[in-house]
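Here is a short briefing to read alongside the model. Take a look at the fold, then follow the topics below.

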Amino acid sequence: NRSARTFLYPASSPVGNMAAARRHRLVAASQPGFLPLKADLDGSGQTTGRRKRVNKNKKKNWNKYSDIQDVEEFLDDVRLQERAAGGLIADKPDDSLFFVDTGNQKSVPEPGGVGKKGRNSKPLRIDLILQPDSRIAPPKDVLAHQRPNAKKERRIAQKAEKLAAMGVLPRRQKLLRRPPAAPSVKEKPVTSKDPERNFYDLWSAGGPETADLYYLEQTKKKLVKRPEKLNEKPSVLPAVEVIAPGGSYNPDFFSHQALLLEAHEVEVQKLKAEERLQRKLAINKADVATEMSTFKEQIEGLVEEEEEPNPEAEQVADAVDESVGSAAQREKKTEKQRKKEKAERMKELQKKAERKMIDSRQQLFKLRSISADVKEMAQRTRRRRVQRKARQEAQKSLPRRLGKLKFQAPDLDIQLSDEIPGSLRTLKPEGSILKDRFKSLQKRNLIEPRERAKFKRKHKLKYVEKRAFREIK
């Protein structure tokens with residue numbers, strides 16, 4: 001009888017899957033306290049039809065004809081109960097599932113919850129939709145609470161506490177010989193990844209409660225700290241310098257003469273610089289080529305000249321020959337000579353040591369002169385320090401070398417005695433305000449000295465003679 005036979009199938013086969021699903025369904029249905037939310041899980045909706053006969057020996061039929069729909073429906077029902085009720089309904093007490101209806105009771109409205117005509121204001125439908133419908137707690141973000149090297153730091157802290165309880169101080173505190181200070185616990189700032197951070201309304205009038213430095217800098221509520229060096233001025237000169245009294249349209253005689261003298265000194269310095277340059281570039285008449293020097297240069301190497309005897313060179317050669325001969329004839333020193341030279345060297349060293357000791361003793365009698373020299377050296381140092389300080393202060397008002405060009409001071413705007421106008425209406429304007437401001441920026445070390453760029457033609461000009469011009473000829 002084929003129906004009376006017993007077959008053993010692997011657990012991954014379709015027959016094994018169907019058997020496991022059937023067993024799971026039977027166990028779930030046999031639970032005394034299980035209450036399914038779906039009506040089709042009670043077993044009443046199952047169809048009792050004849051199963052289709054399938055060849056179980058083929059692997060392609062294992063997943064194709066394995067029925068696990070009832071198991072998935074059961075697990076979906078369990079998940080639904082966990083989301084809706086926070087757990088299985090069978091595990092809930094009766095008080096949380098049922099209540100006794102004693103009629104309509106007037107509930108005391110909460111403050112701020114009273115609407116029109118004293119009725120309780122119901123929440124809006126949009127608020128109810130936005131509320132979470134799951135009672136399962138959200139998963140905790142483990143990475144937000146992790147710290148690098150936390151285990152190592154905790155082990156070091158435990159070891160330090162154990163040593164402190166035993167009375168053993170660290171090496172640094174032993175060297176300082178003072179009791180250890182109480183460790184100050186610093187509160188860590190709340191990061192943007194912390195799940196327990198406070199939230200704030202982006203469109204509210206007030207700002208966030210946390211004064212995060214990065215947030216304040218990005219929202220321009222806290223400016224970046226300005227370096228102190230940027231507050232220092234590159235020069236102590238004023239932006240606009242007032243001209244001397246002699247430059248007025250109706251100056252005083254003495255002030256005008258003083259300004260003339262200053263302009264005269266500037267011109268004298270320019271003339272001296274030009275004369276110095278001319279002297280350095282001047283040609284020496286003795287170095288000018290003559291006819292005789294030119295002729296000697298042309299015939300050089302063509303005529304054989306007799307060499308004149310040089311007595312000094314002959315003496316040097318004889319001395320070299322004698323030294324070589326004496327070195328070749330030098331004999332080896334004897335032991336007696338070596339001991340004698342060693343004794344002389346030792347005696348010389350002893351004399352130098354004794355002389356050094358005598359000099360050090362003699363310095364005791366020169367304390368007054370040494371103290372006077374020390375005082376003079378200290379005065380010289382103070383004097384040099386004052387001079388260096390004065391030189392540094394003077395250099396603050398001078399233009400520095402910022403580029404490849406040096407600063408060239410502009411010419412003084414001055415008028416001669418016969419050019420001074422009688423009134424302001426007859427005064428002729430001189431100079432340029434733009435050039436004056438440009439030179440002032442250079443003098444105050446704000447920009448480097450510059451010169452006008454020279455125009456350099458990229459392509460040569462091409463001259464073309466037109467036909468009309470040739471006809472005129």
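Is Asp77 buried or exposed? Asp77 is buried, with a relative accessible area of 0%, where buried means under 20% relative accessible area, exposed over 50% and partly exposed in between (1.4 Å probe, protein chains only). Please keep in mind that this is a predicted model, in which local features need pLDDT of at least 70, side-chain atom pairs count only at pLDDT 80 or more, and totals for chains, interfaces and linings use all residues. Residues are numbered from 1 along each chain as its sequence is written, and side-chain values use heavy atoms, with hydrogens and water left out.

**Around Asp77**
- Asp77 sits in helix 3 (residues 69-85); helices here are DSSP runs (H or I, at least four residues), numbered from the N terminus.
- Its side chain makes a polar contact with the side chain of Gln81 at 2.8 Å. A polar contact is a pair of N or O atoms within 3.5 Å; within protein, one must be able to donate a hydrogen and the other to accept it, and residues adjacent in sequence count only if both atoms are side-chain atoms.

**Salt bridges**
- The structure holds 10 salt bridges, each a side-chain nitrogen of Lys or Arg within 4 Å of a carboxyl oxygen of Asp or Glu.
- One of them joins Asp411 and Lys270, with the closest N and O atoms 3.2 Å apart. Asp411 lies in the loop between helix 13 (367-396) and helix 14, and Lys270 in helix 9, so the pair ties together parts that are 141 residues apart in sequence.
- Asp411 is exposed at 57% relative accessible area, whereas Lys270 is partly exposed at 37%.
- Arg355 and Asp359 form another salt bridge (3.7 Å, N to O); both lie in helix 12 (residues 335-362), four residues apart, about one turn of the helix.

**Largest pocket**
- The largest pocket has a volume of about 1500 Å³ and is lined by 41 residues, with Ile243, Asp411, Leu412, Asp413 and Asp436 nearest its centre.
- Helix 9 (253-281) and helix 14 (433-443) are the elements that give two or more residues to this lining, and helix 14 gives the most, with seven.
- Asp436 also meets Arg437 in a salt bridge (3.2 Å, N to O); Asp436 is partly exposed at 45% relative accessibility.

**Aromatic pair**
- The structure holds one aromatic pair: Phe253 and Phe254 are edge-to-face, 5.5 Å centre to centre with 75° between the planes. Rings pair if their centres lie within 6.5 Å, and planes over 60 degrees apart count as edge-to-face.

Notes
Rings of Phe, Tyr and Trp (its six-membered ring) pair if their centres lie within 6.5 Å; planes under 30 degrees apart count as stacked, over 60 as edge-to-face and the rest as tilted. On a 1 Å grid over the protein atoms alone, a cavity is a set of points where a 1.4 Å probe fits but cannot get out, and a pocket is an open set with protein on both sides within 12 Å along at least five of seven lines; lining residues have an atom within 4 Å of a point. Grid points are joined across faces, edges and corners, and a volume is the space filled by probe spheres set on the points.
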